[in-house]
Structures are given as C-alpha cells and as structure tokens.
Amino acid sequence: MFAYIVRRMFQSVIVLLVVGLVAFSMFRFVGDPIDNMLGQERTQADIDRLRTELGLDQPFPVQYFKFLKGAVQGDFGVSYRQGRPVSTILIERAPATLELAFVSGFLAITMGIALGVFTAIRRQGVAANVIMTVSLLGVSLPTFLIGILLIYVFSIELGVLPSFGRGETVMIGSWSTGFLTTSGLKALILPAITLGLYQMTLIMRLVRSEMLEVMRADYVRFARARGLSDRVINFRHALKNTLVPVITITGLQLGSIIAFAIITETVFQWPGVGLLFINAIQFVDIPVMAAYLMLISVMFVSINLIVDLLYYAIDPRLRVDARAT
Amino acid sequence: MILRNSAIALAVLAATSAQAAEFKWASTTDPQTMDPHAVNSAPVLGFLNNVYEGLVRRDKDMSVEPALAVSWETIGDGEGWRFKLREGVTFHDGSGFDAQDVLFSYQRASGEAADTRSWFAPISEVTVVDDYTVDFMTTAPNPLFPSSIANWMIMDQGWTEANDAVVPDKETGNYATLNANGTGAFKVTAREPGLRTVLEPFEGWWDQAEHNITSAEFTPIQNPATAVAALLSGDVDMINPVPIQDVARLQQSGDVEVIQGIEARVIMLGFDHQAEVLKYTDDAGKPNPFRDPRVRKAVAQAVNVDAILATIMRGNAEAASQLVSPAMSGYSQANADRPAFDVEAAKALLAEAGHADGFSFGLKCPNDRYLNDEAVCQAVVSMLAQIGITAELDAMPVRNYWPELREDKYDMYLLGWSPGTFDAEHPVRFLVATPNEEKKLGSWNFGGFSNARVDELLPVIQSELDAGNRQAMLDEVAQIIQDEQVYVPMYVQPLVWGTRSTVDLTQRPDNFFLLRWVTVN
Amino acid sequence: MTDTIESPKTPEQSRFAKFWDSDFAWSFRHSPVAIVASAVVVLLVLAAIFAPLIAPHNPFDPATLNLMNGFTPPGTPNAFTQESFLLGTDDQGRDVFSTILYGMRISLFVGASAVLLAMIIGVILGLVAAYFGGWVETLIMRIADVQLTFPAILVAMLIFGIAKGVTPPEYRNEMAIYVLIIAIALSDWVQFARVVRGAALVEKNKEYVQAARLIGRGSIPIMFRHILPNVLSPVLVIATISLALAIIAEATLSFLGVGAPPTQPSLGTLIRIGQGFLFSGEWWILFFPSCTLLALALSVNLLGDWLRDALNPKLR
C-alpha cells in the first residue's frame with residue numbers, strides 16, 4: 001500500500017511537469033500581452049523595451065525553466081495586469097470558487113444520490129419518470145444560458161435574488177466567506193444551481209443505472225429470498241455496490257465543477273479564480289494563466305489519486321492488481 | 001448638555017439622510033492600476049480623474065478649465081507656457097501642493113517607464129519659477145499644449161518618494177499601483193483589483209462639491225447581459241456601456257434611464273497600401289487591388305452605412321465623413337460629405353480599375369473591442385458581396401488582433417480611433433503620416449500609407465498659432481484623405497450609459513464618468 | 001450472453017422480421033418516450049441533412065443577405081423591405097429558420113464526430129490499459145490524468161488557440177469546425193477510457209475471461225470479443241450523454257468565443273448571439289435556436305436512457 005502511494009505520488013509530479021510544459025508552450029498562441037499594457041500612443045521602441053523587461057524575448061526553454069524554478073518555491077511571478085504577486089491574487093480569489101464549488105458539489109451529490117435511488121426503486125412510477133425527464137432539461141441547455149435565464153427570472157422579473165457577485169463577505173483570517181451573511185447566502189443560490197445542475201443529473205442517472213443493475217444481481221436476489229427487508233436490501237447491499245463507478249465519476253466531476261465554474265463565474269460575475277482566469281486570457285496575463293493551470297492540475301491529480309485509492313479500498317478484487325503494477 | 005448634543009446629532013442625521021447616498025456603478029473593464037502615469041488607457045485615466053487632478057481639467061462640455069493651475073499664458077512668441085498654480089490645495093494624505101510636485105510629476109510622467117511620455121514630446125524644459133509658478137518650454141510653438149495635458153495628473157512628491165514609487169512600474173507594480181493619493185474630489189478607501197474599488201468624498205477638496213455621494217463602489221462586470229440584469233434589478237445604479245440592442249427596452253422600463261451621446265471614436269475600414277499582392281485570396285499572387293484609390297472608393301460606396309446605423313446601431317450612431325467626429329476641434333466642415341452609397345457606381349469603379357470580375361481577400365476584425373464590431377464586419381462582408389468582391393472574415397479577440405495587424409496579416413481591417421487630444425491633428429499624426437519610428441509618427445498607420453504633402457503639412461499644423469491658417473491646412477489634409485480614400489470612415493461610435501431613474505449625472509464625450517457630477521435623489 | 005439461444009424461426013424469415021420480433025424491438029414498440037424521442041431525432045437529423053432543399057435562404061452566402069431585413073419579427077413583414085420570415089430574422093437579416101437548419105448541420109456534425117472519435121480513442125485505450133496492466137496501464141492512465149487535468153473547456157480553448165496560431169489565416173474558418181471536433185473529442189475520451197478500464201478490470205478476473213485465456217486465445221480477440229461486449233453498457237451511457245454534451249459543449253465554447261465562425265454559425269453560435277437580445281425584445285433570435293437545441297439534446301438523452309435499459313439484459 002505504502003509503496004503504491006509513493007509510486008503514484010511520483011507519477012503525479014511527472015504529470016504536473018508535463019502539464020506545465022504543455023500549458024506554457026500554448027501561451028504564445030493566446031495572444032500578445034504587450035498591447036494591453038501599453039496605451040494608444042505607444043511606439044515600436046516601447047513595445048520592444050517592455051518585451052525585454054518581461055523576458056518574452058527569451059527562448060522558450062529559458063522562460064519555462066524560470067517559471068518552474070519560481071513555481072517550486074510557491075512564486076508564480078507577478079500578474080501583468082494587476083502588478084501584484086500571482087500567489088496573493090490566487091489566495092484572495094480561491095475562497096469564492098471553493099465555497100461555490102462546495103455548495104454546488106454538495107447539492108449535486110446529495111440530490112443526485114437521493115433522486116437516483118428513488119428513481120431506481122420506483123422505476124415504473126410516474127414520479128420517477130417525470131424526475132428523469134425533467135432532470136434532462138438541465139443537461140440539454142448550455143450552462144451559460146441556464147445562468148442567464150435564472151438571472152432573468154429570479155433577479156429581474158421576480159427581484160428576489162441578486163444578479164451578480166458574492167454579496168457581503170466576512171473575513172475569517174485570510175479567508176473571505178459568504179456563508180455568514182444573508183446577502184452572501186442569497187448570492188450563492190443561483191450560481192450554485194447553475195453549476196451543480198449538470199453534475200446532479202449525471203450522478204442521478206449513474207446511481208439509478210447502477211442500482212438497477214445491482215438489484216438484479218444474484219446476491220441481492222438471495223438477500224431478498226432470505227427475507228431481508230427492502231430497506232436493508234436497497235441501502236445496505238444495492239447502494240453500497242453501486243458506489244464504485246459512482247465514486248469514479250463523482251470524483252472526476254468534482255474537478256470539472258471547478259473547471260465549469262469558469263462559465264458560471266463569468267455569467268454571475270462571481271469573484272473567484274475562474275473569473276480571474278477568463279480575465280487573464282482576455283488580457284494575456286501569462287503568469288496568472290500558468291499558475292491557474294498548475295493549481296487546477298494539482299487539484300485534479302490529487303482528486304485522481306484519492307479516487308484511485310478509494311477504488312482500491314472499496315473493491316478488494318483490485319488489490320491484487322494494484323500490487324502487481 | 002445631553003439635550004443639545006442629541007439635537008445636534010438629530011440635525012446631522014437629518015442633513016445626511018436628505019443628502020447622503022451610496023452609489024454603485026459597473027463597467028466592462030477594471031482600471032488595471034491606480035498609478036496615473038503607468039498606463040495611458042481610457043479606463044485608467046477615466047477612473048483616476050475622480051481621484052487625481054491635473055493643472056487643467058475638462059468641464060462637462062469638454063472645454064478646458066483651471067484645476068490645479070488657476071491661469072496660464074504663453075511665454076514670449078510661443079517659446080513655452082507659464083502656469084500659475086492654485087494655492088491652499090492639499091493631497092488626500094494632508095500634505096500641501098506646490099510647484100515641486102508639478103516638476104516631480106512631470107519627471108515621473110515623462111520618464112522612460114511612463115506610458116504617458118508622448119504627451120511631453122514637445123517639451124524641452126520645465127522650470128520652477130516660484131512655489132506657485134511653473135514654466136514649460138517647448139521646442140516649437142505649441143498652441144494646444146494646455147489642453148493636451150488635461151489627463152496629466154499631479155502626484156505628491158513626498159508621498160511617492162516615501163512609498164518607493166518614484167518610477168511607475170507596470171510590470172511588477174509598486175505602492176502607487178494599489179494606492180492613490182491625489183487632490184481630487186474622491187479618495188480611494190478600498191481597492192481589490194478586478195473585484196471592487198471603493199471611493200469616498202475627500203473632505204479637504206479645494207472645489208465646491210456638486211455631488212451628494214457618501215460612498216461609491218465600482219465593480220467590473222464583463223458580461224453585458226449580466227450588467228444589464230444588475231441595472232434592471234437595482235443591484236447597481238449605473239452601467240457603461242449599455243448594449244445597443246437593449247437601449248429601447250431600458251428606455252421603456254420606468255426604473256431605468258438611458259443616457260446617450262456621441263463618442264469621439266470613429267470606426268473605419270483600413271487597407272494595406274503597401275503589399276504587392278493580396279495575402280488572403282483564392283487567386284494566389286493576385287496584385288493588391290487596394291493600392292488603387294478607385295478600388296478603395298468602390299468599397300466606400302458599397303458600404304451602406306445608413307443600413308448599419310439603422311439596424312445594428314439602432315439609430316444610436318452618426319455617420320462619419322472623416323477621421324474625427326464633428327465635435328472635435330479642427331473638424332473639416334468643407335469635407336463633411338461622405339461618399340454616397342451606390343452599388344452601381346461602386347461596380348463601375350471596380351470595372352474601371354480592372355476588377356469587373358471581383359476578387360477575394362481577407363478582412364480582419366476584432367470581436368471584443370468596439371460596440372457590435374463583429375456584427376458590423378459581417379454586414380460589411382455581405383455588402384461587399386453585392387459588388388462582387390468576397391471578403392473572408394476573420395474575427396478575433398483584441399488580444400490577437402493588434403499583433404496580427406502589426407505583422408501585416410490582413411488585406412483590409414476594422415479600426416476605431418479616438419483622438420486623445422480631441423483635435424483633428426491627432427489621427428493624422430498616428431494614422432496617416434508616413435510611419436517614422438524616430439519621429440514617433442504613423443505608429444498606427446498599419447497599411448503604410450504615405451503622402452508627401454500630408455507629411456509636409458503635419459509639422460506646420462502642429463506649431464501654427466493662427467487658428468484660421470491651421471484650419472485651412474487641416475481642411476487640405478482632410479481633402480487629401482478623402483480623395484485618396486485612405487480609410488473608409490463609417491460612423492462615430494455612440495456612448496450609451498444606463499442609470500437608475502433616481503440618478504442624475506453628466507456624460508462627457510470622452511466616455512469619462514466623473515462622480516463629482518452625480519446626484520442621487 | 002444473449003446470442004447463445006437461436007430463436008426457432010424458419011430460415012426464410014427476413015432479417016427485418018427477425019429484428020422486429022427481437023426483445024430490443026419489442027421494448028422499443030412499447031416505449032412511447034423512445035418512439036417520440038427517436039422520431040424527433042430522426043426528423044431533426046433529416047432536416048439538417050436536407051437543409052439546402054428545405055431552407056428558403058442560404059444564410060452562409062453573404063451576397064444574398066440584406067441588412068435592412070435585420071430584426072424582422074416572426075411572421076410579420078419587415079418595415080423596410082416588406083419581406084416576411086417564418087421565424088423572423090437575426091441582426092444580420094438572416095432568416096432564423098434557415099440559419100437554424102444550417103446551424104444544426106454543423107452542431108450535429110461536430111457532436112457526432114467528436115463523440116465517435118472520443119469513443120474510439122477511449123475504448124481502445126481503456127481496454128488496453130485494463131487488459132495489459134503494468135507499465136502500459138500506468139502510461140495510459142497517466143496520459144489520461146494529464147488530459148483530465150485540463151478541464152474539457154480549457155483543453156478545447158487551448159487546442160483552438162494553437163490551431164489558430166498554426167493554421168494560415170485563409171483556412172481558419174474552414175479549420176474551425178475540425179478543430180472543434182478534435183478539441184471536444186480530446187477532452188472527452190478520458191471518460192470512456194476510465195470507465196471501460198474500471199469495468200474491464202472487474203470483468204478481466206471473471207471465469208469466462210480466465211477460461212478464454214486458458215484455451216490460448218490471443219489478447220486482442222479476448223479484449224474485443226469477450227471483454228468489450230460486457231463493458232458496453234457503461235460506454236453507451238457515456239456515449240449518449242456525450243453526444244448531447246458535445247453539442248452543448250460546442251455552444252459553451254462559442255460563449256467563450258472559440259466556437260464556429262459567425263459567418264457560418266452553429267446552433268451554439270446562434271444562441272451565443274441570441275443571448276445578447278434576451279432583454280431587448282427580439283426574443284426569437286434566442287428562443288428558436290434554444291428550443292431546437294433543447295429538443296435535439298433532450299431527445300438524444302431520452303433515447304439514451306431508453307437504450308441503456310433496453311440493451312441491458314439484466315434489467316428485463
């Protein structure tokens with residue numbers, strides 16, 4: 001087990017290096033940061049001078065190495081746009097995204113599993129079929145459109161929820177939280193629904209389909225024959241055995257919640273790292289883009305690792321393989 | 001005693017509740033720095049005009065009026081300008097303002113690292129005469145100098161030196177990037193870049209306050225639909241800009257008002273005047289037809305500007321005949337007519353130039369720079385198709401756009417130009433003069449147009465003191481630009497702001513939003 | 001597993017009749033949802049394929065457009081040109097009905113090609129990883145990690161950016177569609193690979209695979225003949241969702257400014273353009289493309305739901 005974890009950690013580091021390399025080599029195609037940093041009356045000499053100062057005239061391996069050297073020490077450089085250390089900006093913005101991701105992830109998992117179990121148990125019921133169909137509406141429209149429609153209905157027509165931003169936040173140490181104020185909680189509702197809807201539908205469908213399959217499995221039939229109650233069968237046996245694929249997908253989806261936060265944050269002007277990233281692209285703020293991608297990579301690789309380890313813990317049959325690899 | 005105190009408290013409370021107002025506004029772009037000399041861009045200068053002040057400032061109608069200088073006069077026969085400074089002015093941190101701060105700000109704003117240094121190109125020397133008198137010596141007579149420095153903001157020497165921000169730094173930032181200490185009507189009390197910036201009135205301001213704001217919060221909102229939603233739902237009091245298509249709907253809503261004006265920015269089509277062959281064409285190696293003024297004229301006649309204004313701009317813009325709008329000084333009344341929309345005439349011109357069968361070429365266009373820029377380009381494509389020339393449209397974000405233009409990757413392109421000096425000389429210097437790195441001429445003349453007469457007139461225009469002679473020369477240049485059809489000016493971009501009905505404010509043609517003219521009822 | 005019992009029908013019976021009698025077809029005939037959903041999908045696909053015959057205008061030909069037709073409401077004549085359009089016109093004076101038909105072609109083409117590509121890559125790599133294990137598995141799954149590390153939309157944005165950088169500008173509009181396909185496929189294959197691997201790992205240790213190995217069958221036949229059919233059910237779940245998802249992803253990408261070019265809009269581009277007119281009263285520019293996208297994606301999803309149940313013998 002220990003050796004397995006160490007090996008996976010080592011692989012993860014290589015993954016991160018590759019991601020950094022790929023990301024970094026892509027930046028040259030995103031655009032030129034210079035034009036956003038100089039005004040209308042700039043001359044070619046100004047452009048050349050700034051390019052030199054930013055080190056953009058250096059060969060690619062030199063730039064990449066410089067970036068890596070800093071990144072290892074937690075120094076991602078200074079934002080071209082804001083003139084502040086990128087690490088400071090990320091720390092400032094992370095709570096907004098993490099709180100949003102947490103709430104929508106929580107919504108997606110609890111609602112997804114609950115509705116999935118319900119629709120599996122009442123497979124032929126009218127309610128279950130209605131839930132199945134309605135839930136599909138959420139994945140049949142693009143996120144940005146759902147967000148805009150929610151704003152239209154709840155902010156403009158009904159006027160009950162804020163149209164953008166995080167509301168009032170309270171600082172706890174260096175963490176700004178929106179959980180402690182009414183306006184902060186109200187501001188969370190629409191973005192969390194927008195972001196969590198797709199994942200909820202996916203988890204629900206997955207739980208349902210796995211439940212259905214497991215419920216037909218021999219051991220569940222045996223359990224039923226032994227006279228165990230439906231409740232025990234459904235939750236103790238069936239649900240537990242659906243969890244392997246559900247954990248895989250859910251784990252992966254948690255990561256993509258953070259990624260999809262880019263869209264939601266843009267629509268709701270939610271001041272998190274996703275919005276920061278979109279702004280960084282717009283202004284070709286290479287240090288911010290690089291740091292964001294590295295951060296996302298670290299997170300995804302960790303989630304990946306955890307999912308694999310859980311897999312390993314839940315399904316004993318895999319242990320032999322894990323040792324072999 | 002207790003009674004008297006509470007009576008005073010009540011009176012204060014009554015006074016503030018009748019007047020006091022919190023104000024929130026949103027715009028697409030966050031000012032990227034609080035340093036007035038680091039970045040010469042409209043979002044930064046517009047925002048900082050609330051915080052910092054120059055020697056002169058622009059009034060509601062753009063006319064130049066005294067600010068930190070009370071008066072100014074030419075020295076001798078135009079060897080320079082003498083400014084008399086206002087006494088008793090203090091910065092937000094309480095320190096006093098005098099001529100040393102002006103000299104310091106000149107050195108800071110004209111230094112190598114400053115983005116504003118082109119403003120001071122005509123200056124040879126600045127001398128402090130006494131505590132409240134400063135002389136600016138110019139290399140040649142410069143009648144427009146006072147109005148050209150309306151956005152040059154004065155910083156406090158002591159504060160800047162104490163905080164180690166003597167040189168503006170846009171790459172890594174310094175203290176002045178995040179903090180501000182001006183003499184203006186508002187001071188910055190909170191700054192979270194990209195999220196919000198909070199301003200509060202400066203009690204010690206030298207001028208009489210016209211506003212009734214107690215605190216003002218700015219939030220950048222990139223997505224136009226979100227901004228409109230925020231305004232409609234009352235989450236913000238003012239947005240800039242309002243998407244053109246939402247103007248009518250907002251006007252119908254009782255809670256919201258739309259304030260419209262004509263911006264200084266002229267939207268035009270530009271050509272490659274130098275390339276031998278077309279770069280993006282189906283018939284490879286075809287000689288570049290846009291070097292022929294007849295073809296450029298055909299394009300001008302094929303574009304139905306009125307249709308663009310009626311549909312895409314929804315009647316919110318005005319057609320343009322030259323590189324500046326009629327509101328700018330030096331506008332040429334003699335050349336106020338633009339080529340008539342006439343498909344047949346355009347076809348005839350093409351045939352005359354030997355392109356009766358048409359040709360295909362590449363049109364470059366930004367899609368996030370000007371109002372509805374992509375839609376306008378699409379419309380241009382279909383209008384040019386009517387005269388038989390096929391434009392291959394490549395629309396891209398502005399971050400990719402300028403590099404492409406600099407590398408000459410276009411046959412035709414869209415450009416918007418707003419003259420920083422509000423004078424007709426400005427676009428001639430940047431867009432028409434033969435590119436010359438040393439003299440800092442033609443730095444945005446991507447197509448490389450060159451005309452000896454224009455190059456000859458430009459320095460004379462710049463130093464001519466007589467308004468009549470100057471206008472005559474500007475008329476001649478405008479005439480040349482029209483005859484040669486160097487660009488195809490289409491329209492002057494509109495300014496469209498949205499406010500809650502409870503708000504009164506002033507919209508200036510330079511798209512600067514000044515809090516000192518805001519009242520909330 | 002299901003093909004072991006030959007139905008005792010006469011040999012002259014046609015293949016179609018055989019199919020008609022199968023459990024699969026029976027299940028289809030008795031599911032109103034499946035019938036309606038597939039009817040909608042077929043209708044939309046046909047409409048897209050025959051768009052040039054059905055559409056009254058060709059919205060991709062700029063020479064036929066008249067800007068003065070812009071913003072004509074559905075069914076009422078334009079104030080300037082007196083022309084009338086079934087579903088109105090957009091900001092460029094394009095007939096919305098025609099634009100939807102042509103846009104759907106692009107959306108369907110992008111979606112279907114992307115899923116197919118993702119499925120091929122994902123299934124093969126997933127099977128190979130599970131079956132061979134060892135360094136092969138490690139390599140593939142680490143590549144998957146790298147891929148996964150880049151969220152779908154980011155992958156697509158970056159690929160799009162690179163493609164824009166390296167393709168000569170005159171081919172950019174043509175390239176955009178193919179770049180989209182590759183971008184979406186590359187961001188999607190990992191799902192297939194991971195699920196196939198997960199299922200195949202379990203399957204691999206079952207007796208029938210062990211038996212096949214014992215009698216000396218080669219690895220490729222074992223993978224594709226024995227393991228693949230038994231892991232297809234989760235693949236189908238993902239493929240159906242992916243098809244709808246890919247169409248939606250294309251729309252999302254166009255919101256971020258990396259979709260199909262505006263002169264040749266997909267459904268997603270139309271919605272991106274249309275959302276600018278949500279508040280302005282020209283509801284039809286957003287409404288009709290959105291409804292079409294909703295109908296298409298919803299039907300595909302419903303069909304997928306049904307397919308999954310119908311193809312799974314354990315659920316009958």
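Helices are DSSP runs of H or I at least four residues long, and strands are runs of E of at least two. In this predicted model, residues 175-196 of chain C are 100% helix and 0% strand, with the end C-alpha atoms 31 Å apart. Residues 283-307 of chain C are likewise 100% helix and 0% strand, and there the end C-alpha atoms lie 35 Å apart.

Chain B contains 16 helices and 19 strands. Its C-alpha trace spans about 95 × 60 × 45 Å along the principal axes. A compact globule of 521 residues would have a radius of gyration near 24 Å, so the 25 Å of chain B agrees with that expectation. Of the 521 residues of chain B, 52% count as buried. Among the contacts in chain B between residues at least 6 apart in sequence, 70% join residues at least 24 apart.

The two chains meet in a contact that takes 30 residues from chain B and 23 residues from chain C. On the side of chain B that touches chain C, the elements giving two or more residues are helices H7 (224-232), H8 (247-252), H10 (305-310) and H12 (373-386), together with strand E15 (390-396) of chain B. H12(B) gives the most to this side, with eight residues.

Conventions: Residues are numbered from 1 along each chain as its sequence is written. Chains are lettered from A and ligands numbered from 1 in the order in which they are written. This is a predicted model: local features need pLDDT of at least 70, side-chain atom pairs count only at pLDDT 80 or more; totals for chains, interfaces and linings use all residues. The radius of gyration is taken over C-alpha atoms; the globule rule is 2.2 Å times the number of residues to the power 0.38. A residue is buried if 20 or more other C-beta atoms lie within 10 Å of its own, exposed if 12 or fewer, and partly exposed in between; C-beta atoms are placed from the backbone. Two residues are in contact if their C-beta atoms, placed from the backbone, lie within 7 Å.
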